[in-house]
Amino acid sequence: SKKARTKSPKAAAALPSAGYLLSCDPPIKQFIKTLDEAKTSDKKFIIEDLDATHLLIKGKARDEILRKVEEFMDTNVFSNIERVGENLET
């Protein structure tokens, strides 16, 4: 008997992504837009600014954006914790 040939799931996964939908709060979105604005025109990664909390970004920039946002948030969290610690000692 002849078996029907089906496409493997790997073939679909191998297709390049046009972009990623990024959801974030407005301050983080502004930070990401600032990162994009600092890039030269050939390196910009925002495809579309959709609304107050969503951006469509190029897939190749995803890891860099996540890393920079994480660094940004870590910096702000530690400065807030340090201030709280100083207030507790007074």
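Guide: A strand is a DSSP run of E with at least two residues, numbered from the N terminus. Keep in mind that this model is predicted.

Visitor: Strand β3 has a covered face and an uncovered one; which residues make up the covered face?

Guide: In a regular strand, side chains alternate between the two faces of the sheet. Strand β3 covers residues 54-57. His54 and Leu56 sit on its uncovered face. The covered face is made of Leu55 and Ile57.

Visitor: In what order do the three strands of the open sheet stand?

Guide: Take the pairs one at a time. Strand β1, residues 20-23, is joined to β3 by four bridges. Strand β2, residues 46-51, pairs with β3 over four bridges as well. The order is therefore β1-β3-β2.

Visitor: Which are the edge strands of this sheet?

Guide: Look for strands that pair on one side only. The sheet runs in the order β1-β3-β2, with antiparallel pairing. The edge strands are β1 and β2.

Visitor: By how many degrees are neighbouring strands of this sheet turned against each other on average?

Guide: This value ignores direction. It is an average over neighbouring strands of the sheet.

Visitor: Which residue in β3 is the bridge partner of Leu21?

Guide: Strands β1 and β3 run antiparallel. Leu21 has its bridge partner in β3. That partner is Leu56.

Visitor: How many residues lie between β2 and β3 in their hairpin?

Guide: These two strands pair in the antiparallel sense. Across the pair, Ile46 stands opposite Ile57. Between the strands of the hairpin, the number of residues is two.

Visitor: At about what angle does helix α2 run to β2?

Guide: Helix α2 spans residues 26-37. It lies across β1, β2 and β3. Its angle to β2 is about 155 degrees.

Visitor: How far apart in sequence are the parts that Glu64 and Lys39 tie together?

Guide: Glu64 forms a salt bridge with Lys39, with the closest N and O atoms 2.8 Å apart. Glu64 lies in helix α3, residues 62-89, and Lys39 in the loop between α2 and β2. So the pair ties together parts whose separation in sequence is 25 residues.

Visitor: Is Asp63 buried or exposed?

Guide: Asp63 forms a salt bridge with Arg62, at 3.5 Å between the closest N and O atoms. Arg62 is partly exposed, at 34% relative accessible area. The cut-off for exposed is over 50%. Asp63 has 55%, so Asp63 counts as exposed.

Visitor: By about how many helical turns are Arg67 and Glu71 separated?

Guide: Arg67 forms a salt bridge with Glu71, with 4.0 Å between the closest N and O atoms. Arg67 is partly exposed at 43% relative accessibility, and Glu71 is partly exposed at 42%. The two residues are four apart in helix α3, so their separation is about one helical turn.

Definitions and conventions:
Residues numbered from 1 in each chain as written. Predicted model: local features only at pLDDT ≥ 70, side-chain atom pairs only at ≥ 80, totals over all residues. Heavy atoms only, no water. Buried < 20%, exposed > 50% of the residue type's maximum accessible area, 1.4 Å probe, protein only. Axes fitted to C-alpha atoms, helices over the stretch in contact; angles between N-to-C directions. Contact = heavy atoms within 4.5 Å. Salt bridge = Lys/Arg side-chain N within 4 Å of Asp/Glu carboxyl O.
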